[in-house]
2 protein chains.
Amino acid sequence: MKFICSRDRLAEAISTVQKAVSTRSTLPILDGILIEASVSDGVKLTGYDLETGIEFTLESDVTEPGSLVINSRLIGEIVRKLPEDQVSLESNAQLQLSIESGSSVFSIKGMSSESYPKIPVVADEQKITLSQTLLKDMIRQTIFAVSTDESRPTLNGCYFTCDGFSIEMVAIDGFRLALRKQLIGQDLPAMKFIIPGKALHEVGRILGGKEAEVVVYSSSNHILFDTGNVRIVSRLIQGEYMNYKAILPKTSNTTMLVSPSAMLNAIERASLIILSEDRRCPVQLSMPDDETLVIHASTELGTLHEEIPVNITGERIEIDFNPRYFIDALRAIDAEEISILLNGSNGPCVLRPTEGEDFSYLVLPLRR
Amino acid sequence: MKFICSRDRLAEAISTVQKAVSTRSTLPILDGILIEASVSDGVKLTGYDLETGIEFTLESDVTEPGSLVINSRLIGEIVRKLPEDQVSLESNAQLQLSIESGSSVFSIKGMSSESYPKIPVVADEQKITLSQTLLKDMIRQTIFAVSTDESRPTLNGCYFTCDGFSIEMVAIDGFRLALRKQLIGQDLPAMKFIIPGKALHEVGRILGGKEAEVVVYSSSNHILFDTGNVRIVSRLIQGEYMNYKAILPKTSNTTMLVSPSAMLNAIERASLIILSEDRRCPVQLSMPDDETLVIHASTELGTLHEEIPVNITGERIEIDFNPRYFIDALRAIDAEEISILLNGSNGPCVLRPTEGEDFSYLVLPLRR
């Protein structure tokens, strides 16, 4: 294998595929990055932890095809520190990789690519093309509610559905639900699958090109996100997702219009004196009149009392929450004003847009 | 105690004095910040870990004098998150501190200031006035060589001397020496003392105003750095400092002119394959001719070979170093070109300016 490429592009490729390299693997080969050079297709780097795989294709001048696996951390550190932008990589039959740039010559030991695991191939039959920024936002707005409780595996991912006209992402962790819906207005194929939270986290980190698109392909067991030069493959979580539509309340006894940023700031302040997620130390909401929301917290550290302007219709109630759940939902919301729908002191609370149905965040209160 | 001040100024004061608050104290009072309000002098905040004390004086509108000790972490987090820039603080006889800003009202429990330790008073007889940026640079350029070996306490600090016209700072850790000298050209008092590394680290973080000055006062046991609104007091280390002038070689067998940044980059690359400070894995320097320095490292991870242009007079030698020591010294040097003086493969190496004597970095080689 022998090729010449740009140091900065190679460093970008390495740091991208590194996100799928296991940090605590017991197999040395999985600590590596697979480098494959072909005269026709250029150079492809791959990181794969047997659950999520990331491939990055790099423009380069390949003079000798070949492949090699090389320790991910070491090659990453070396490439970042090279003196010139032009880098020449060459491997020999003894699996030594030489990395030359300017007057620096590194030589490091690689591993045979034969024992590197194959990333599953995802057929390109079913596909949806989306804006990268839209998908990135939808991930950010739901992923925090993905459960980490391994006893309910289907909740360890985001449920992604497409009904032909709109796409929806949902995450549930038993105490809260995050739902983000987007009308696409194309003739889309119907799809539904559960994407592991970890893979989605990496997809969210890689996406972002302002005008760029990402094509999502799926098979029964795998999903592929293709941005052109980067491809991310993940296994899907098998099983039936929870019937979340049955959880979302259809009616409410109280509706409150509020600025999400004002409420977020007040609850963040309350959380400063709530050390743990101890249910004995909730943030308490009360409504002395139809225009005031009182946010109160009291622990051994001290108390916070704060009032914010709101607009309440229906029953005025007192209700206790884990501040973390409210903070996560409020941070995910970009709107200037939202509706909060309440159903008594022990019923679920839903944060929604004042118009439309772009998002629903359900939070269960702490029982009084 | 009752006063009104600016949130941003108060947050700055807290984060400054926090640097002297112990993070692992067994006395709760030492986790606190002392707040003292006086109608004539404004508000003074103090952090003190019994070795280093920092005081910050804050403009504020004091309507009721008094004092209180309050948990440092908690007040810092609360003040940073307050909604408005105007903050009102008020304490009562039960040591409750109320913090009001906009519609937020916090109430937290304080401690009596009576049990807070007193920072030693440093008489203002002996003083030197220096530029803050100069002192900050001198600290940065020597502090890395302060020893952490507690069996030789005098080496746990920087040795600061003034001979009437110039000031000098020196640090030694047994394997290397860092010396920085600056001609001041005033009529300065003669002074010498050993300042603990930890205190000096905090002084370095606080200094920085471009045009600003700092006044250094000393007594036999303590030193005070006064920037106007911030005062840092530290105990001094007692004892005789090592006779470092006897260590610095007067002659050399080899003199090499080199760009410190080119040498730094090459040795940083070599250190990528030198995992530990294992003396079996040094960076090796050799001189195939009078114009080339070869930097070589070889470990189980791989090898690096690199050449940089230099200008050698005298004997050409091969010599081995711990890369860490060279990296620290080269990073501290701001010059475009330096002289490296060598005395055989096992003799001390000194990095100096090509002209003048602003700095000397001595590094001992690894014995071959």
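**Figure 1. Helices α5(B) and α6(B) are roughly antiparallel to each other in this predicted model.** The axes of helix α5 (residues 260-272) of chain B and helix α6 (residues 323-332) of chain B come within 9 Å and cross at roughly 150 degrees, where axes are lines fitted to C-alpha atoms, for helices over the stretch in contact, and angles run from 0 to 180 degrees between N-to-C directions. Angles under 35 degrees count as roughly parallel, over 145 as roughly antiparallel, 65 to 115 as roughly perpendicular and the rest as oblique. Helices (H or I, at least four residues) and strands (E, at least two) are DSSP runs, numbered from the N terminus. The crossing of α5(B) past α6(B) is left-handed, a term used if the near helix is turned anticlockwise from the far one by less than a right angle, whereas clockwise gives right-handed. From α5(B), B:Pro260, B:Met263, B:Leu264, B:Ile267, B:Glu268, B:Ala270 and B:Ser271 meet B:Pro323, B:Phe326, B:Ile327, B:Leu330 and B:Arg331 of α6(B), two residues being in contact if their C-beta atoms, placed from the backbone, lie within 7 Å. The residues of this contact of α5(B) with α6(B) comprise nine nonpolar, one polar and two charged; Ala, Val, Leu, Ile, Met, Phe, Trp, Tyr, Cys and Pro count as nonpolar, Asp, Glu, Lys and Arg as charged, and the others, Gly among them, as polar.

This is a predicted model, in which local features need pLDDT of at least 70 and side-chain atom pairs count only at pLDDT 80 or more, while totals for chains, interfaces and linings use all residues. Residues are numbered from 1 along each chain as its sequence is written, and chains are lettered from A and ligands numbered from 1 in the order in which they are written.

**Figure 2. Helices α3(B) and α4(B) are oblique to each other.** The axes of helix α3 (residues 132-140) of chain B and helix α4 (residues 197-206) of chain B come within 9 Å, crossing at roughly 135 degrees, and this crossing of α3(B) and α4(B) is left-handed. On α3(B), B:Lys136, B:Ile139 and B:Arg140 meet B:Leu200, B:Val203 and B:Gly204 on α4(B), a contact of three nonpolar, one polar and two charged residues.

**Figure 3. Helix α1 (residues 7-17) of chain A packs with helix α2 (residues 72-80) of chain A at an angle of about 155 degrees, their axes 9 Å apart.** That angle makes α1(A) roughly antiparallel to α2(A), and the crossing of α1(A) and α2(A) is left-handed. The contact brings A:Arg7, A:Leu10, A:Ala11, A:Ile14 and A:Ser15 of α1(A) together with A:Ile75, A:Gly76, A:Val79 and A:Arg80 of α2(A).

**Figure 4. The contact between the chains takes 24 residues from chain B and 24 residues from chain A.** On the side of chain B that touches chain A, the elements giving two or more residues are α2 (72-80), β9 (104-109), α5 and β21 (302-309) of chain B, and β21(B) gives the most, with seven residues. By class, this side of chain B has 10 nonpolar, seven polar and seven charged residues. A rotation of 180 degrees with 0.0 Å of shift along its axis superposes chain B on chain A (RMSD 0.0 Å), by least squares on the C-alpha atoms of residues with pLDDT of at least 70 in both. That is the relation of a two-fold axis.
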